[in-house]
Amino acid sequence: MMAAFIFSWVYLRRVLSFRNISTCMRFYSGNLISSRNQIKIFGVRKYVSDVNSFTWRTHTCGELRSEHVGQQVTLCGWVQFHRMGKFITLRDGYGVTQLIIPEKSPVGYLMKNLSLESVLKVEGTVVQRPLEEQNKKMATGEIEVEVVTADVLGKSKPNLPFNIRDFQKVKESLRLMYRYLDLRTSNLQKNLRLRSNVTMKMREFLCKHHGFVDIETPTLFRRTPGGAQEFVVPTHSPGKFYSLTQSPQQFKQLLMVGALDRYFQIAHCYRDEGAKADRQPEFTQVDIEMSFTSADRIKSLVEGLLQYSWPKEASNLSTPFPKLTYKEAMEMYGTDKPDTRFDMKIIDVTDIFKNQNIEIFDKVLMNKENSSIKAIVIPKGALHINKSLLEKFEEIGKCLYSLEGLVNIFVKEDLNWKSILCKHVSLELQQKLKKNLELQPHTLVLISAGETRNVLQLLGKLRVECAAYLQSKGLNIWNPKDFNFLWVVDFPLFLPSDEGGLEPAHHPFTAPQEQDTHLVYSNPAAVRSQHYDLVLNGQEIAGGSIRIHSSELQKYVLTDILKEDLTELQHLIEALESGCPPHGGIAIGLDRLMCILSGASSIRDVIAFPKSLDGKDLMSGAPAKISDELKKFYFIQTPPSN
Ligand code: ASP
């Protein structure tokens, strides 16, 4: 067997030129990889059969190991570094390889005048590095490639705006301006490859294993009433506009009417709303809709989908995910997207402080309806939260929630207090608080009094701010490897609008809970919806609902409750009148999910070409002016500038 192998190898070497040997190697390396079926790129397991097929290269710059020593290889990549015409570090999207240039090789001269970041194709032999020169931190650190020939495939100009290796020190605006350079960094390579892996697994789970149909829907559409602010697109029909879809909501419901009963799409959506750290004017949703289903079935589907597509290197997801009602979430965490990686829940202390002759509290309880006194207990907070932070917290209370004053208690080592409350509360009351709040040495207690809704929201915000601050100070408030999913259910169907009426809490197509349907006609503000949100580590990453499929109810909601113009949704109403199956769905915010999953600090780090915080494309300068000719074509008038 061995003899046969040696014979055929010798024979091959005789009959094949160098190029042919490379081809042979490529074939071999393809088999090698596909036999493993997965390779790790920047720590991300990639399910590939062969990343070198159909290319000139035999291997990537992240692939060679001791087992390849002696092989002739062809690598293609960017010059990350070169030294003295002797060494080159060649980088591609998979890693880096050290190249060594033999003395007097013309490649040495070639390198002398070549700028970093130029693209090279290199042919050479894999050699073992001497033990003392092996680099354990580098995946390919055991070997180097002795260069035989090198071709410059793409010259780079010298002094690019930043050095790829130093991306962590580069300002984000510069990185966005030269995104094509930024994309070369290990950070973005890792995140975008991870994203592709996850979406590939999602497609597999939905389409291959569960019969979903991947359907693209239009993004040029008409305004959807009762939703987010949409972008309008002028047309060359005077006075007529498209709206960019804020989500495929109407289309996915129409697909159900059209008997495409298991729909899915990785959909691009647009909302013209202020930019935030976790929002972009355009974003991606994993959009799902099903007929003949229930809220619980959709939740199970999503749990299965996430479990299936979750990267092997991240900690396991255990399902089913816990559930909280909207009311419980608000009462315990002051928000409908609680971060459940840590405790510090809001505690009601109204009964403890009521009728205790403490002026600040008595005044609030007497003068305000629906008022209460609530507290959060921050372990070790007394050691780290200082006066200026407390002042900032008070300011937040005043400006955002119209709440005067925030009372604090610093619990000392010996469990005595430092607080303005000391003067006002009896020893007995102190004991009661100690017991109820389970006070420990160095705890900080923050107490707010006022309208319950505002108090909850303030303490919910401070709970997260304090936790993040303590985490940044090195306290283990949460485990950075934790992924805490939570379903939030039983949302109200409508919320009070600024104009004094009601507006949809989510969108106008959400169905009421069956037991509350009668209230739609008598007390709509009290109706609970069949909406569900999925929260991960304090961020909403998915939302969906069972939809209204009765045209009568949909008409009533739109016209009588929301006071919307029905003509804009006539097509949907007619569809509901044409045999509409009961249906529901969900949309997963892919950018946010990937941001949390990859540990990125903003969603921009998981999007190939993101907009800046103020919604601009810094690379091309969009949005940009258009010519007067185009304006005329689109009937656009620019207001005179003053
Ligand atoms: N269309 C909704 C959204 O984009 C999600 C859904 O209800 O499925 O938020």
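Salt bridges and a helix crossing in a predicted model

User: This is a predicted model. What makes the contact of K555 and E577 a salt bridge?

Analyst: The side chains of K555 and E577 meet at 3.4 Å, N to O. A salt bridge requires a Lys or Arg side-chain nitrogen within 4 Å of a carboxyl oxygen of Asp or Glu, so the pair qualifies.

User: Which parts of the chain does this pair tie together?

Analyst: K555 belongs to helix α17 (residues 551-561), while E577 sits in the loop between α18 (570-576) and β25 (583-589); the pair therefore ties together parts that are 22 residues apart in sequence.

User: Why is K555 called partly exposed?

Analyst: K555 has a relative accessible area of 23%. Buried means under 20% and exposed over 50%, so K555 falls in between. E577 has 45% and is therefore also partly exposed.

User: How do you know that D343 forms a salt bridge with K345?

Analyst: The closest N and O atoms of D343 and K345 are 2.9 Å apart, and the cut-off is 4 Å.

User: Why does D343 count as partly exposed?

Analyst: The relative accessibility of D343 is 48%. Exposed would need over 50%, so D343 counts as partly exposed.

User: What is said of R341 and D339, and are they buried or exposed?

Analyst: Their side chains meet in a salt bridge at 2.7 Å, N to O. Both R341 and D339 are buried, which means that each has under 20% relative accessible area.

User: How many salt bridges does the structure hold, and which residues are linked in a network?

Analyst: The structure holds 30 salt bridges. R175, R179, D182 and D605 are linked in a network of them.

User: Why are α6 and α8 called oblique to each other?

Analyst: Helix α6 (residues 186-210) and helix α8 (residues 295-309) pack at an angle of about 130°. Roughly perpendicular covers 65 to 115 degrees and roughly antiparallel starts over 145, so the pair is oblique. Their axes are 8 Å apart, and the crossing is right-handed.

User: Which residues meet where α6 packs on α8?

Analyst: From α6 come V198, K201, M202, E204, F205, L206 and H209. From α8 come L301, G304, L305, L306, Y308 and S309. By class, the contact has 8 nonpolar, 3 polar and 2 charged residues.

Key: Residues numbered from 1 in each chain as written. Predicted model: local features only at pLDDT ≥ 70, side-chain atom pairs only at ≥ 80, totals over all residues. Heavy atoms only, no water. Axes fitted to C-alpha atoms, helices over the stretch in contact; angles between N-to-C directions. Helix = DSSP H or I, 4+ residues; strand = E, 2+ residues; numbered from the N terminus. Parallel < 35°, antiparallel > 145°, perpendicular 65-115°, else oblique. Left-handed = near helix turned anticlockwise from the far one by under 90°. Contact = heavy atoms within 4.5 Å. Nonpolar A, V, L, I, M, F, W, Y, C, P; charged D, E, K, R; others polar. Buried < 20%, exposed > 50% of the residue type's maximum accessible area, 1.4 Å probe, protein only.
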